[in-house]
Amino acid sequence: STSGGVLDVTGTIASGIKFVISSAAATTLKIEGTATASSAISFSSSNQTLEIGASGAVTINASETLTSGTIKLDGGSLTTSALTLASGSLTGHGTVTGTVNGTFGSAGTITATGGVLEFKSAVDGGGFTSATNFTIGSGGTLKFDAAVGNGNFGGAIQIGRASWRER
């Protein structure tokens, strides 16, 4: 648990731990090692950030929903069974494994910056075709290795499926 400021964890966090990020003040939980959360992290405020460092590997053993707040990748990896962007943000560069969806009526944001933000699983495959906004920031590339829904795209997009072709 962190409350205001940055808690930077460089070692391994054993499986079974529940992550809590305070919503009262701008708070970042930064993982630079390997960590496995036993349950979803509550993201209810724009004050909350989960940052995954260059060598960080975070697994969330549940479906995760970003009602607000940010998950920022600095080159590491995030694995979850499903990630729903209600109005939260996924930013940076690294690898995301697990389906990523928006929600009806809310627009989450995915922004690639500083390298390749790669999605190993389906993105916006839940039928909420306008609920995810994709943007490409400075030095960023979006790469999709699986099915992609009809989110709002901006910038150059790299498609990782050999069977895809423009029509």
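Helices (H or I, at least four residues) and strands (E, at least two) are DSSP runs, numbered from the N terminus. On that basis the chain has zero helices and 13 strands. This is a predicted model, in which local features need pLDDT of at least 70 and side-chain atom pairs count only at pLDDT 80 or more, while totals for chains, interfaces and linings use all residues. Residues are numbered from 1 along each chain as its sequence is written, and side-chain values use heavy atoms, with hydrogens and water left out.

**Chain totals**
- Of the 167 residues in the chain, 44% are buried (under 20% relative accessible area, 1.4 Å probe, protein chains only).
- The accessible surface (Shrake-Rupley method, 1.4 Å probe) is about 7,400 Å², and carbon and sulfur atoms account for 49% of that area.
- Contacts (heavy atoms within 4.5 Å) between residues at least 6 apart in sequence join residues at least 24 apart in 28% of cases.

**Strand pairing**
- Two strands pair if DSSP finds at least two bridges between them.
- Strand 8 (residues 89–102) runs parallel to strand 9 (residues 108–119), with seven bridges joining them.
- G94 has L117 in strand 9 as its bridge partner.
- Strand 9 also pairs with strand 11 (residues 141–144), in the parallel sense, over four bridges.
- The residue opposite E118 is K143 in strand 11.

**Surroundings of S68**
- S68 sits in the loop between strand 6 (57–66) and strand 7 (70–85).
- S68 counts as buried because its relative accessibility is 17%.
- Beyond its neighbours within four places in sequence, S68 contacts F43, S44, S45, S46, S87 and G88.
- A polar atom of the S68 side chain lies 3.1 Å from the backbone nitrogen of S46.

Terms used. Buried means under 20% relative accessible area, exposed over 50%, partly exposed in between (1.4 Å probe, protein chains only). A polar contact is a pair of N or O atoms within 3.5 Å; within protein, one must be able to donate a hydrogen and the other to accept it, and residues adjacent in sequence count only if both atoms are side-chain atoms.
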